[in-house]
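Please view the sequence and the structure first, and then read on.

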Amino acid sequence: MSDFLVELGKNPRARALVQSLGLPIPLPQALKRERGPWRERPLADATVAVGATSGAELVPALAECLAAAGANPYLSVPDSLAGSFRGPGETFGRPPRALHALSETAKANALVFDATGVSDVRGLRAVYDFFHPLVTRIAKSGRVVVLGRPTDGAKPETAAAQAALDGFVRSLAKEVGRVGATANLVVVAMGAEGRVGPVLRFLLSARSAFVTGQPVFVGTRVRAIAEPPLVRPLEKKIALVTGAARGIGEATAKSLAAEGAHVVCLDRPADDGPTSQLARSIGGTALGADMADEDAPAKIADALRGLGGVDVVVHNAGITRDRTIARMKPEVWDQVLEINLAAVVRTTAALEPLLRENARIVCLSSIAGIAGNMGQTNYAASKGGIVAFVRATAERLADRGIAVNAVAPGFIETRMTAAIPVAIREVARRLSALGQGGQPEDVAQVITFLASPGAHGITGRTLRVCGGAFIGA
Amino acid sequence: MSKQNGGRRAVVVGGVRTPFVKAFTDFTKLDTIALGVAAVSGLLKKAGLRHRDVESIVWGGVILPPTQPNIAREIALDLRLDPGCEGHTVTRACASGLQAVTAAAAEIERGNLDVVIAGGSDSTSNATIALPPKVVHALAPLALGKPSPSDYLGVLSQLTPITEILPRQPKIAERTTGEVMGESAERMAKRNEITREAQDAFAVRSHHRAAAAIASGRFDDEITPVQSPEGKWVHADGLVRADTSVDKLAKLRPAFAKDGTLTAGNSSALTDGAASVLLMSEEKARALGIKPLAAISSWSYVGVDPADQLLMGPALAMPKALDRAGLKLQDVDLVDMHEAFAAQVLSVLKMLASGPFARARLGRDQAVGEVDPDRLNIHGGSLALGHPFGATGARMVTTMANELARTGKRTALLGICAAGGLGAAAVLERVD
């Protein structure tokens with residue numbers, strides 16, 4: 001499922017030709033991705049420009065994270081905060097340098113701004129001052145991350161200033177998407193400073209290629225994990241992936257297995273061939289069950305009980321039966337809601353006693369469930385339901401250290417989207433900040449991150465993996 | 001204090017090495033086995049041992065001859081040692097010489113052996129230039145069985161383009177990163193903010209100290225003269241420059257990067273040479289009436305990600321070896337570090353002195369400590385003496401053991417960095 005325009009854009013001559021002739025052809029930037037298991041220093045030798053205002057509270061966490069991940073920090077921060085970079089710099093051989101020491105022609109792989117100190121509207125000017133000169137210097141597939149604080153309980157003006165960051169980042173995502181870069185806001189609750197490291201590490205890495213234009217909330221609701229592993233995060237963990245035979249499910253099973261998990265690959269008995277083949281190739285277990293069956297949860301629970309419980313559950317199985325509601329038959333409505341939502345609800349209930357401490361549940365929502373989509377009332381209803389389902393389940397299971405989240409893919413290049421008529425598909429691909437569809441691996445990477453111990457700051461949330469869909473939350 | 005096994009302790013009773021000379025000079029016609037033979041025969045002569053006393057040879061090497069990789073055994077056979085003197089060869093990149101010594105010590109402590117010769121050698125001048133695997137694979141049908149004319153044609157068709165089948169210049173590059181070691185060290189210099197001036201000053205000190213040691217006769221006991229096949233006797237190390245200065249080194253051009261700080265002057269040179277160490281169990285040494293020079297208290301080997309800071313290993317290995325010996329850095333009288341590059345030694349020293357480094361990388365509250373320059377590499381190091389890869393560890397053990405025995409100092413800490421992101425360290429202690 002290749003995208004002709006992305007492929008064309010990889011050819012520098014074609015790119016130059018299209019641009020010089022002024023042809024109205026978008027040439028999306030091929031995204032830099034990272035395959036293979038997590039690395040200890042995912043940002044090795046990356047140039048990261050760091051900005052902060054006085055009163056910024058996440059600078060120490062940021063300094064530690066960047067140096068340990070292998071990045072070279074270039075600072076534009078108040079002198080009183082620069083000291084935080086010295087120790088980590090010494091430890092990892094990543095001494096901080098002044099931003100103006102970066103050569104005029106050098107590109108920055110990431111721009112990170114700690115805006116937690118911004119408490120009024122005037123303070124937002126610092127955000128402009130930092131990004132205005134730098135945004136044109138962002139490297140291809142670069143990263144922008146802004147750090148902020150939650151607005152609840154804040155003074156009205158502070159709340160306004162912090163919420164302004166949200167709109168800022170969403171718009172910036174659309175501006176930098178041209179070069180394959182992403183922009184996200186990380187909203188860190190008081191007391192969650194120690195949990196922001198893994199989130200930054202992920203968002204700044206090439207593994208978050210299709211995550212852009214959204215806030216990511218980091219809180220303290222689930223139990224903190226002391227020193228979450230940086231590599232092989234899922235060693236000794238048992239994972240279940242439903243709908244594993246192909247597409248996002250297959251990519252997820254592979255990605256979880258690459259991080260050390262034993263993956264139970266579940267799909268319909270009719271897909272036994274590809275499911276078994278996948279399970280064999282990743283050293284997992286194949287399980288045949290139809291999620292539409294009422295007794296599927298019991299069957300899954302039996303299998304997982306035999307393995308001693310489960311640490312990661314990925315509810316990926318899902319179907320589309322698109323029709324405008326006027327033309328939709330009732331059984332089609334039922335079928336989609338049954339598999340995409342009811343099955344998730346009852347399977348989660350059946351697996352609840354089997355979830356081990358610090359388990360992670362990841363459900364698949366969809367951009368359609370958030371923004372709506374023509375002809376998908378049934379699908380969007382089921383996927384919209386997921387958003388609240390994870391929020392409520394997260395609350396229920398938080399005391400057991402279990403985090404529950406959803407990912408909402410946008411246009412992903414799968415068998416499902418390949419079936420869309422070519423004209424519509426072509427438009428759908430371009431309707432995002434990155435101007436292209438995502439790969440199943442892009443979703444798998446986000447799921448794997450949410451399944452990892454280091455995602456202990458995130459629960460009850462829905463993360464979009466949509467490349468900054470034109471219409472989207 | 002030293003690691004005991006049934007009360008046994010491995011001691012160093014002597015050490016002899018060949019002069020170290022620049023590759024493609026006097027020793028060009030001596031391969032690594034011949035160099036090893038020269039060092040071991042010098043050692044045997046000096047120790048006054050009967051041949052049959054030597055039970056085993058453990059030898060270290062980096063560039064091993066492809067068809068005779070077990071050079072330890074070849075040395076024993078060439079020297080007509082007792083046929084019962086077995087031998088094995090170890091390789092741990094630049095820590096191979098130390099690896100041979102600690103492997104011998106482990107055999108002795110376990111009670112398997114009483115008298116072992118350990119050491120190492122390398123001859124960069126005799127590195128085999130290999131044909132690319134593509135050629136070897138293509139030629140296989142001709143080497144095996146009876147080739148038909150069509151086989152010959154098949155081979156010819158596989159041997160294009162010609163650039164892919166030419167023998168490659170041998171290069172000491174990391175297999176995983178493709179970087180030659182100087183490039184990695186160049187990056188370390190930048191990342192640890194080691195200036196050109198500091199590197200050059202360190203290199204000059206190495207040369208001046210080595211020159212002073214040579215002039216004072218300090219190495220006379222440790223070096224055996226070697227006659228080259230051309231008949232020339234080589235008595236002294238060939239790379240040491242007594243007359244070098246910071247001003248002279250400042251004129252050299254960067255060797256690994258255009259805007260770099262590493263030069264031929266502050267990097268160790270490709271060198272030919274061998275070094276050997278005689279180890280015994282303490283009881284055996286006493287029974288033979290030999291006073292040991294030093295005991296091996298502890299050792300440690302570590303690995304780091306080659307893609308990160310390739311040559312930082314000693315910063316992790318040295319504290320570990322100290323812990324195992326029950327010592328702190330400030331208790332140690334002498335520190336001897338292999339000088340692959342001045343930048344690498346200075347980077348490691350910086351890490352040892354860093355509190356944040358100790359907390360994050362070693363899990364301890366306090367920095368390991370500052371190394372007193374007056375105790376560090378007191379007779380120079382690899383920058384001045386040269387670095388025949390497999391020999392360096394054995395040279396360091398010999399020089400430090402002699403220093404402890406001569407001066408009455410108590411302890412010496414050794415640190416070596418090696419390709420593959422390896423680090424090695426050992427602690428020697430005086431034997432009273």
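**Chain B as a whole**

The model is a predicted one. Chain B contains 14 helices and 12 strands. Its C-alpha atoms occupy a box of roughly 75 × 55 × 45 Å along the principal axes. A compact globule of 432 residues would have a radius of gyration near 22 Å, and the value for chain B, 22 Å, therefore agrees with that expectation. Of the 432 residues in chain B, 54% are buried.

**Helix α1 of chain B**

Helix α1(B) covers residues 32–47. Just after α1(B) comes G48(B), which has a positive phi of about 65 degrees.

**Contact between the chains**

In the contact between the two chains, 11 residues of chain A meet 13 residues of chain B. On the side of chain A that touches chain B, 3 residues are nonpolar, 4 are polar and 4 are charged.

**The sheet of chain A**

Strands of a sheet pair through backbone hydrogen bonds, in either a parallel or an antiparallel manner. Chain A has an open sheet of 7 strands with parallel pairing, in the order β10-β9-β8-β11-β12-β13-β14. Strands β10(A), residues 285–288, and β14(A), residues 462–465, stand at the edges; each has a single partner strand, so one side of each lacks a neighbour in the sheet. From one strand to the next, the twist averages 20 degrees.

Strand β13(A), residues 403–409, pairs with β14(A) in the parallel sense over 4 bridges. V407(A) is placed opposite L463(A), which belongs to β14(A).

| Helix (chain A) | Residues | Strands touched (chain A) | Angle between directions |
|---|---|---|---|
| α12 | 330–351 | β11 (310–315), β12 (355–364) | about 175 degrees with β11(A) |
| α17 | 440–451 | β8 (238–242), β11, β12, β13, β14 | about 170 degrees with β13(A) |

Strand β14(A) is thus an edge strand of the sheet, and helix α17(A) is in touch with it.

Notes:
Residues are numbered from 1 along each chain as its sequence is written. Chains are lettered from A and ligands numbered from 1 in the order in which they are written. This is a predicted model: local features need pLDDT of at least 70, side-chain atom pairs count only at pLDDT 80 or more; totals for chains, interfaces and linings use all residues. Helices (H or I, at least four residues) and strands (E, at least two) are DSSP runs, numbered from the N terminus. The radius of gyration is taken over C-alpha atoms; the globule rule is 2.2 Å times the number of residues to the power 0.38. A residue is buried if 20 or more other C-beta atoms lie within 10 Å of its own, exposed if 12 or fewer, and partly exposed in between; C-beta atoms are placed from the backbone. Two residues are in contact if their C-beta atoms, placed from the backbone, lie within 7 Å. Ala, Val, Leu, Ile, Met, Phe, Trp, Tyr, Cys and Pro count as nonpolar, Asp, Glu, Lys and Arg as charged, and the others, Gly among them, as polar. Two strands pair if DSSP finds at least two bridges between them. Axes are lines fitted to C-alpha atoms, for helices over the stretch in contact, and angles run from 0 to 180 degrees between N-to-C directions. The expected span of a helix is 1.5 Å times one less than its number of residues.
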